[in-house]
Amino acid sequence: MSLLEQYEKQYSILIAEITSHIGRLTLTNEGKELCNKIDASLTEAQELLEQMQLEIRDLAPAPRTTATNKLNCAQVELKRLQNEYAKTKENSRKKQAGPLDFQTAVGDYDDYEDVAISNDQRQRLLENSETIERTGNRLQEGYRVVIETETLGAQILGDLHSQRETIQNARSRLRETNAELGRASRTLNTMMLRALREKAVLYVVGGVFGVAVVVSLYLTFSSPTPATNS
């Protein structure tokens, strides 16, 4: 397991603890102790995010993109928990002040108040459990989207690499074809010039032969025949 994965595991455990403590904050009288634990956990979570960010800088481009997306989701989740903690702490402070005044004014109804508080605690525990479950589902969904995005990105990069190789091979074949066409064109021009020269020589030889025949016939028929003596 890499150091980054260890940080991610520690961060997930801290987030679960913080969520659990926030859920208990309104259900117990240990408000100060829980607040101290939550504050320490939030500080530790922020430090883990900073360490994760340092580790991400040393990754390769493709894993760095995936890890950065996870880090962004973690930062958003931590910010949401900080806001939820602030609201829960304020509500807890107000509720702790309210019941004390009420019990002082109507001390004869302690049993009824205990039952009401117990029901209220049960209801809040259920609500906090649902909140924790929804938070876990959102984290899982976010990680699933990140993994799918990483897979899709890898496939796209693979397709682009394959297409690039195909284009390069086609370009190489085109250069070779152009070179072959150039050689064929030069060869054809040479053959045409040679044929023209041979044709010209043939015409010249034929002309000379024709002239020789004509001159020979002329000399043959135009020479006078010798006279005979009587």
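## A tour by salt bridge and helix

Start by selecting Glu77, Arg80 and Glu84: these three are linked in a network of salt bridges. A salt bridge here is a side-chain nitrogen of Lys or Arg within 4 Å of a carboxyl oxygen of Asp or Glu. Before going on, note that this is a predicted model: local features need pLDDT of at least 70, side-chain atom pairs count only at pLDDT 80 or more, and totals for chains, interfaces and linings use all residues. Residues are numbered from 1 along each chain as its sequence is written, and side-chain values use heavy atoms, with hydrogens and water left out.

**Stop 1: inside the network**

Zoom in on Arg80 and Glu77, whose closest N and O atoms sit 2.7 Å apart in a salt bridge. The two are three residues apart in helix H3 (residues 61-105), so about one helical turn separates them. Helices (H or I, at least four residues) and strands (E, at least two) are DSSP runs, numbered from the N terminus.

Now colour by accessibility. Glu77 is buried, at 7% relative accessible area, while Arg80 is partly exposed at 24%. The cut-offs: buried is under 20% relative accessible area, exposed is over 50%, and partly exposed is in between (1.4 Å probe, protein chains only).

**Stop 2: Thr66**

Stay in helix H3 and select Thr66. Thr66 is buried, with 8% relative accessible area. What does Thr66 touch, leaving aside its neighbours within four places in sequence? Show Val146 and Glu150, which are both in contact with Thr66; contact means heavy atoms within 4.5 Å.

**Stop 3: along helix H4**

Next, pick Glu148 and Arg144, a salt bridge with its closest N and O atoms 2.4 Å apart. They are four residues apart in helix H4 (residues 110-222), which puts about one helical turn between them. Both ends are partly exposed: Glu148 has a relative accessible area of 44%, and Arg144 has 36%.

Then jump to Arg183 and Glu180, another salt bridge, where the closest N and O atoms are 2.2 Å apart. This pair also lies in helix H4, three residues apart, so again the separation is about one helical turn. Arg183 is partly exposed at 40% relative accessibility, as is Glu180 at 47%.

**Stop 4: the negative patch**

Which helix gives the most to the negative patch? Helix H2 (residues 31-56) does, with three residues. Glu50 lies in helix H2 and is partly exposed, at 43% relative accessible area.

**Last stop: zoom out**

Show the whole chain as a cartoon. There are four helices and zero strands, running α-α-α-α from the N terminus. Buried residues make up 17% of the 230 residues. Among contacts with a separation of 6 or more, 76% are between residues 24 or more positions apart. The accessible surface (Shrake-Rupley method, 1.4 Å probe) comes to about 17,400 Å², and 58% of that belongs to carbon and sulfur atoms.
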